[in-house]
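Me: I am new to this structure. Can you walk me through how to read its features?

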Amino acid sequence: ATVSVLYWTTNGMSPILQKCEALLTRPQSIRLVNWCKMMTSVHENEGDNHQLSQELLSQMSDALTDKKQYPVVSDWLLRFIAPSGRATAKPEAQSGCNDYIHNLKAKEYWKPEELSVTDGFLGDLADSCKEELRELHGSENVFHPYRNPSDTCPPGSENDHLGAIATSKGHWNVSYIMTSDAAPIPPESKHFQKTLSLAQLHLKDRFFGHMLVSCLSPHTVIQPHFGPTNKKLRFYLPLVASPSNTSDCYLEVNGVRRQVSEGSGIIFDDSFSHHAVNLSSAPRHVLICDVWHPQLTASEVQLLKTMQYLHEKQLILNTTNTPYEVMESARSVVVPGNQIW
């Protein structure tokens with residue numbers, strides 16, 4: 001690989017990488033620099049890309065050398081730039097999670113206090129969203145079919161003209177409030193501004209930047225699937241669920257089942273295989289909000305946010321058949337009211 005003289009000079013390692021000289025071989029340094037250059041090619045102006053690349057390289061150099069501020073990410077980065085790349089062994093229960101960071105605590109369900117949040121906050125968040133949802137009752141073009149890119153569907157999934165169908169029966173529709181820091185604000189977000197503001201105000205930098213309202217129509221079963229990464233956890237806050245028999249509505253994570261009922265929030269790790277079921281005769285609505293894994297330090301979250309932003313930007317700008325493309329296509333579909341209301 002050829003490295004730009006901006007990073008590697010005839011006199012040796014660039015100043016940014018000198019602090020890592022004892023840790024990295026020359027091939028590792030080259031891999032790290034080239035990866036930074038590739039991930040930061042998101043601007044038309046080459047000067048902007050170069051500056052962004054230097055900033056990312058500097059953050060990574062700090063992470064490699066400061067294990068106090070980067071206790072988890074430091075070792076992960078060393079594995080990341082090893083010749084085998086991301087070849088970190090994953091537990092079988094999280095084998096379908098693509099963006100996996102080792103040494104993060106993993107369990108199916110979490111308590112609010114483990115994430116420094118309270119049941120009161122989760123209740124306020126659910127109440128806010130429920131109020132905004134109630135004001136939308138009967139409206140069209142608020143929810144759209146949930147689809148995955150056609151090449152990411154679980155075994156046995158079917159495709160339609162939008163993408164991979166994620167249910168084995170019934171209908172799964174969603175209303176996105178926020179998808180990522182790199183993506184434009186979804187048009188549906190305007191209906192849930194109070195809820196989004198409350199989450200951002202309370203969670204601050206621990207907010208992962210992904211939030212939506214999920215609606216399972218009556219008699220719907222979502223296929224088991226894995227989330228994309230273990231560096232986050234998920235708030236799962238029921239808004240409208242069957243009041244008569246809560247066993248009709250449940251969430252199952254790695255074989256461990258929890259009933260879904262109004263007023264009872266759940267926090268789970270979606271990097272495990274999981275699925276949701278609504279066997280009742282009424283639609284079931286849930287607010288989903290992702291937060292950074294509590295084991296990650298503030299410095300680690302900042303670095304991972306930068307990396308995530310650049311990755312998502314690359315998806316939006318340079319590739320097809322992405323989640324963003326599928327979302328946009330799904331917005332053209334008018335969902336029958338009896339699936340939602």
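Me: What volume does the second largest pocket have?
Reply: Keep in mind that this is a predicted model. The second largest pocket has a volume of about 270 Å³. Of the 18 residues lining this pocket, Asp-119, Leu-122, Ser-264, Gly-265 and Ile-266 are the closest to its centre.

Me: Which element supplies the largest share of the lining of the second largest pocket?
Reply: That is α5, with six residues. At least two lining residues each come from β3 (109-110), α5 (119-135), β11 (232-240) and β14 (266-268).

Me: How many residues of that lining are nonpolar, polar and charged?
Reply: Nine are nonpolar, four are polar and five are charged.

Me: Now the strands. How do strands of a sheet pair?
Reply: Strands of a sheet pair through backbone hydrogen bonds, in a parallel or antiparallel way. Here, look for an open sheet of five strands. Its order is β7-β10-β15-β12-β13, and the pairing is antiparallel.

Me: Which strands stand at the edges, and why is one side of each left without a neighbour?
Reply: The edges are β7 (167-169) and β13 (256-259).

Me: How many bridges join β10 to β15?
Reply: Two bridges join them. Strand β10 covers residues 220-222, β15 covers residues 274-278, and the two run antiparallel.

Conventions. Residues are numbered from 1 along each chain as its sequence is written. This is a predicted model: local features need pLDDT of at least 70, side-chain atom pairs count only at pLDDT 80 or more; totals for chains, interfaces and linings use all residues. Side-chain values use heavy atoms; hydrogens and water are left out. Two strands pair if DSSP finds at least two bridges between them. Helices (H or I, at least four residues) and strands (E, at least two) are DSSP runs, numbered from the N terminus. On a 1 Å grid over the protein atoms alone, a cavity is a set of points where a 1.4 Å probe fits but cannot get out, and a pocket is an open set with protein on both sides within 12 Å along at least five of seven lines; lining residues have an atom within 4 Å of a point. Grid points are joined across faces, edges and corners, and a volume is the space filled by probe spheres set on the points. Ala, Val, Leu, Ile, Met, Phe, Trp, Tyr, Cys and Pro count as nonpolar, Asp, Glu, Lys and Arg as charged, and the others, Gly among them, as polar.
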